[in-house]
Amino acid sequence: MAGFVGSNGLRVRSGGGRDVCVVRGVSMSLEWRKGLAAVAIAGGLLVPNGVLGTHAMETMTAVRADTTTETRRLNTQESAVISLFQETTPSVAYVTTFAGGRTPFSMNIMEIPSGTGSGFVWDSDGHIVTNFHVIKSAEAARITLNNQEVFNAELVGYDADKDVAVLQIDADKKKLKPISIGTSKNLIVGQSTYAIGNPFGLDHTLTTGVVSGLGREMRSPTGRPITNVIQTDAAINPGNSGGPLLDSQGKIIGMNTSIYSPSGASSGVGFAIPIDTLKSIVNELIRNGRIVRPVIGISYLESSQSRALGISEGVLILDVPKGSPAAKAGLQGTSRASFGKVVLGDIILSIDNKPIADETDLFKVNRKFLIAEMIRSLFGVNSD
């Protein structure tokens, strides 16, 4: 073989019937040259004519150095967040809801996707927890797990007053990874939070932030207050609803439910229902399929309207149904007398010595009592 000089200055020649590769003045036999070529190919380098030159060797070394550098760029905190995401993602579900409809060209009824949201695996029995407003108007729902398996979901129960719903899927228990339950007690403003969900249909998206406020209050889909809500600046967008809010240990501390934003997109103020509130609701829904709460048995006038009537505090009773706890306690509703005159009903000023300024206070106090206690506690009533 006639000798030649390659573009990298490498000279290959035939010497004494033995193929020799000269690299920077070092002679190697054909077996060594093939071995180096195999190493180069395994490292992702393609060597023409099986010749490994100095440029190729330097490139291979550089690739290895870059790989090592990339690995070292992850600091301890980054590695912890990556581990948290990888460990928790299998517990997060993608919720797709459907509504009935007809195709434009036929009268056939079909399922039309009506919305998406997030949820998480509660236990190995296939219970999936999400927000009530995610499935509120749906006629059917499907759950997509992290492994891309899709299941039809059945509604177990919901609590509209707390914006919580529990679905169930028929999945192999071995394929379900229940989320790790934490606590919302003793949270501190400033501690790290991590939200995983499906914003805008982009499944399993991670956003990070901190607890930016505690003890917030928000309205449920029924208009009733949800108290002790967690505020976070982790980006929560449409589609994140129902997903978990995690602490730095990867444990759920709340369920992402809404944002405060005039535009509808994340504005850095998101809200999550605390897990300590969520646990009792979810467990009761799984046991009974519904939430049983004490009721007074009245209809009332909203405070914004009662203030126009000159009622500065308390809750004005509009109606007291027969047989209700309020009727048994002797409460009177608003009525109309002869000649059209309106006779205002009783105004609830306190319950069990707790002042009632408006209907929000009424709901808060009401939740603290057992059903059997309610009638005994309804004595803080002012009737003019």
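This is a predicted model: local features need pLDDT of at least 70, side-chain atom pairs count only at pLDDT 80 or more; totals for chains, interfaces and linings use all residues.
1. Overall make-up. The protein chain has 384 residues, of which 41% are buried, and its secondary structure comes to 9 helices and 24 strands. Among contacts between residues at least 6 apart in sequence, 58% join residues at least 24 apart. The chain exposes about 20800 Å², with carbon and sulfur atoms supplying 53% of that area.

2. The largest nonpolar core. This core has 21 residues, and those with the most contacts inside it are Phe120, Val129, Val164, Leu246, Met255, Leu278 and Val282. At least two residues each are supplied by helix H3 (76-88), strand E10 (164-168), strand E11 (192-197), strand E15 (252-259) and helix H5 (275-288), and the largest share, 5 residues, comes from H5. Leaving aside residues up to four places away in sequence, Val164 touches a set of residues that includes Val129, Phe132, Tyr158, Met255, Leu278, Ile281, Val282 and Leu285.

3. A hairpin. Strands E8 (residues 140-144) and E9 (residues 150-159) run antiparallel and are joined by 4 bridges, with Thr144 having Val150 of E9 as its bridge partner. There are 5 residues between the two strands of this hairpin, where Gln148 takes a positive phi near 75 degrees.

4. Salt bridges between separate parts of the chain. The structure holds 4 salt bridges, and in one of them Lys177 pairs with Glu87, the closest N and O atoms being 3.2 Å apart. Because Lys177 lies in the loop between E10 and E11 while Glu87 lies in helix H3, this pair ties together parts that are 90 residues apart in sequence. Lys173 forms a salt bridge with Asp125, at 3.5 Å between the closest N and O atoms. Lys173 also lies in the loop between E10 and E11, and Asp125 in the loop between strand E6 (109-121) and strand E7 (127-130), so the pair ties together parts 48 residues apart in sequence.

5. A salt bridge within a helix. The side chains of Lys279 and Asp276 meet in a salt bridge of 3.5 Å, N to O; because these residues are 3 apart in helix H5, about one helical turn separates them. Lys279 is partly exposed at 27% relative accessibility, and Asp276 is partly exposed at 31%.

6. A nonpolar surface patch. Leu309, Val342 and Leu344 make a nonpolar surface patch of about 250 Å². Val342 is found in strand E20 (residues 342-343) and, at 43% relative accessibility, counts as partly exposed.

Terms used: Residues are numbered from 1 along each chain as its sequence is written. Side-chain values use heavy atoms; hydrogens and water are left out. A nonpolar core is a set of buried Ala, Val, Leu, Ile, Met, Phe, Trp, Tyr and Cys residues joined through side-chain atoms within 4.5 Å. Buried means under 20% relative accessible area, exposed over 50%, partly exposed in between (1.4 Å probe, protein chains only). Contact means heavy atoms within 4.5 Å. Patches are made of residues with over 30% relative accessible area and no salt bridge: like charges are joined within 9 Å, nonpolar side chains (Val, Leu, Ile, Met, Phe, Trp, Tyr) within 5 Å. Accessible areas come from the Shrake-Rupley method with a 1.4 Å probe; for residues, only the protein chains shown count as cover. Two strands pair if DSSP finds at least two bridges between them.
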